[in-house]
Every structure is written in C-alpha cells, then in structure tokens.
Amino acid sequence: MSRYFIIYKPFGVLSQFSGEGQTLASLFDFPKEVYPVGRLDKDSEGLLLITDDKWLNHHLLNPRFGHQRTYLAQVEGIPTPESLKALGNGVRISVDGREYLTKPAIAKLLPENPELPDRDPPIRYRKNVPDSWIELTLIEGKNRQVRKMTAAVGFPTLRLVRKSMEKINILGFKVGDVQELDQDTVYHKLGLTGFKEAANQKQHRPKRS
C-alpha cells in the first residue's frame with residue numbers, strides 16, 4: 001500500500017533526500033521508497049506532497065491533468081487592479097529560454113497579511129518600499145513560475161509559500177511539520193476518488209516475466 005506525507009517545507013531546504021545542504025531527510029525519517037511529487041525551490045516554502053504512488057505522481061505532473069495549486073506571495077509594492085488582471089489572464093515569461101504565455105490563473109490582493117509562521121531568516125525589510133501579499137492559484141507548475149509572473153507585472157516576489165494543492169493544505173502547520181495521510185483522504189482532497197481503483201489496479205498488476 002502506498003504511503004502519503006504532506007510537509008511544510010522550510011526555506012533553505014532542498015526538495016530532495018540527498019545532496020549538499022539541508023534536504024528533506026533532515027525533517028523526518030521517511031521510508032526509503034517515497035519521493036516528492038514536483039518540487040519547491042530552495043528559497044520557497046510550504047506544501048510538498050511525498051509519496052511512493054507512481055500513478056499519482058504521473059497524474060499530478062502531467063500537464064494534461066491541470067490541478068489547482070495556490071500560492072501566497074509577498075511582493076514588493078502594491079499590485080494594481082490592472083496587474084492582477086494581467087496575472088489572471090496570462091503573462092509572458094521565459095521557460096527553458098523560450099517565451100511562454102502562462103495559462104489563466106486566479107490572482108487577488110489580500111486585505112491583510114496571511115497567518116503564516118515566521119520565515120527563518122526573515123525577508124530583508126526596506127523602510128521606503130511597501131510590500132503586500134497576493135494569492136495566486138495556478139493549474140500549471142513551470143520552473144519558478146510565480147516569481148517570474150509577479151516580476152513580469154512589476155512586483156518582484158520577496159517570499160513565496162505554497163498554501164495548497166486542490167483541497168490539501170498546510171493551514172495550522174508549523175515550519176517543518178510532517179503529517180501522514182491515507183490514500184482515501186489524499187485522493188478525495190485531490191478530487192481523484194474516481195481514479196483510485198484504476199490506480200490501485202495499475203500498482204498491483206503482475207509484472208511480465
């Protein structure tokens with residue numbers, strides 16, 4: 001039976017289990033078979049799903065099956081309604097050296113700072129430059145996409161936290177917290193309940209000799 005963990009990845013931790021620097025192995029004694037689904041950059045924080053469910057990994061990373069990922073971005077300056085509309089409609093960013101138009105998203109300016117654990121180290125405070133928080137929901141996950149998108153409309157990201165994937169979220173988590181979930185809960189929160197039986201059949205299908 002596959003195992004599923006959700007974590008609040010801290011700033012400065014690599015989304016991998018080996019290599020130089022602080023890795024996921026420093027947070028918890030994970031089973032050897034699991035691996036992160038997707039990744040968060042070293043300088044990003046928040047929700048990361050870790051599992052050995054190969055079918056789920058394929059489904060969540062395949063661009064054909066867009067699923068919602070919601071990010072909280074602390075940005076330099078206060079985005080205008082026009083810039084938020086541009087983020088929602090799609091902006092042009094560079095992906096693998098080529099120009100790319102992002103898919104439609106949901107972008108909104110938060111009226112107050114979200115309740116998040118403090119970052120260690122904290123962001124650099126600039127007395128003469130205001131900052132604000134936006135919530136951005138995407139259905140794709142290009143490399144450093146949120147940072148590129150906010151920069152494209154003139155509001156560089158200072159701090160980035162992935163809040164949720166569909167209905168799986170890190171509300172109430174502390175930095176570095178790890179929680180194990182069962183398959184039913186994971187598939188339900190990801191809106192994949194109808195796919196669970198097919199996924200299990202593929203996982204347990206006898207290999208050809």
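A polar contact is a pair of N or O atoms within 3.5 Å; within protein, one of the two must be able to donate a hydrogen and the other to accept it. In this predicted model, 12 residue pairs are in polar contact between domain 1 and domain 2, with both residues of each pair at pLDDT 80 or more.

**The two domains**

The domain assignment divides the protein into domain 1, formed by residues 1-66 + 167-203, and domain 2, formed by residues 68-165. Taken over C-alpha atoms, their centres are separated by 22 Å.

**The interface**

The size of an interface is often given as the accessible area lost when the parts come together. The table lists this area with other values for the interface.

| Property of the interface of domain 1 and domain 2 | Value |
|---|---|
| Area buried between the domains | about 1700 Å² |
| Share of that area from carbon and sulfur atoms | 48% |
| Salt bridges across the interface | 4 salt bridges |

Within domain 1, the residues that lose the most area to domain 2 are F11, E45 and L47, which together account for 29% of what that side buries.

Charged side chains also meet in this model: D43 and R147 form a salt bridge, with 3.7 Å from N to O.

**The side of domain 1**

Note on methods. Residues are numbered from 1 along each chain as its sequence is written. This is a predicted model: local features need pLDDT of at least 70, side-chain atom pairs count only at pLDDT 80 or more; totals for chains, interfaces and linings use all residues. Side-chain values use heavy atoms; hydrogens and water are left out. Domain bounds come from an automatic or database domain assignment. Buried area is the accessible area (1.4 Å probe) that two parts lose on being put together, summed over both. A polar contact is a pair of N or O atoms within 3.5 Å; within protein, one must be able to donate a hydrogen and the other to accept it, and residues adjacent in sequence count only if both atoms are side-chain atoms.
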